[in-house]
Amino acid sequence: MGKICTLYKYCPLNEDLIKIIESNRLRMSDGINFNDPFDLVVANKNSMKQEKIKGIRVLCLTNSYENKMMWAHYSDGHKGVCLTIELDNIDDIYPVIYTRERVFTDTNIEEVIKRGTIKAKRNLKKSYDGLVRKKKIALLKSKSWMYECEYRIIEFPEDCHKDVYRDVNIKNVYLGVNVDSSSKDYNDLIELCGIKNITVKQMEMSKKCYRIQYTNREGRRL
């Protein structure tokens, strides 16, 4: 077993979340529905055409469960959850590089990476030199997304028509401050976490500052 890495995944509270926890795996996205229209896109200066990288699968993670904007954007306005994810292989986990430079067909990607900003945990700082060009491009995003502190696992499966999953170890589930505790999905989640011995923590708004923090389910602040 290699080094263990802890990262986080924000999710809405729905049937798909229950399936994630039941299976201990996350589906990798093909990027078609990414909320950044520039993501995975390469532009041609001459033809003015813009093409999205095809045949790719991406798993997006982040480095904190306390990011208020991530809760708002990816956890259904704080009504969803954030999962603590443990990965026992960090070789293919790369921090996203944030840049102001657009990617064109003739762009020197290595120079863009050198000039970019990388927000990475110490144990996840690594060289991008050995990566193929398409993978390097998939790790570039505009600096306007820097608040996400994103990490990506990227694959190019042989059969791009099939769903691709990554096995993970889910340690904690953080409940958003606006979670609906009367919903069926909520009760199914609590029951399933009890069966699987997954710790459930409730996020709450600080009474002193613009911060969210967690308590255990009995209400004791941790």
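How many residues in the lining of the largest pocket are nonpolar, how many polar and how many charged? They divide into 17 nonpolar, 6 polar and 11 charged, where Ala, Val, Leu, Ile, Met, Phe, Trp, Tyr, Cys and Pro count as nonpolar, Asp, Glu, Lys and Arg as charged, and the others, Gly among them, as polar.

This is a predicted model, in which local features need pLDDT of at least 70 and side-chain atom pairs count only at pLDDT 80 or more, while totals for chains, interfaces and linings use all residues. Residues are numbered from 1 along each chain as its sequence is written, and side-chain values use heavy atoms, with hydrogens and water left out.

Select Lys9, Tyr10, Cys11, Arg27 and Ser29: of the 34 lining residues, these lie nearest the centre of the largest pocket. A pocket here is an open set of points on a 1 Å grid over the protein atoms alone, where a 1.4 Å probe fits, with protein on both sides within 12 Å along at least five of seven lines; lining residues have an atom within 4 Å of a point.

Next, select Phe38, Glu101, Arg102, Lys141 and Ser142, which lie nearest the centre of the second largest pocket. Its lining has 6 nonpolar, 2 polar and 6 charged residues.

Stay on lysine 141. This residue is buried, at 5% relative accessible area (buried means under 20%, with a 1.4 Å probe and protein chains only). Show glutamate 148 as well: a polar contact of 3.4 Å joins the two side chains (a pair of N or O atoms within 3.5 Å, one able to donate a hydrogen and the other to accept it).

Conventions:
Buried < 20%, exposed > 50% of the residue type's maximum accessible area, 1.4 Å probe, protein only.
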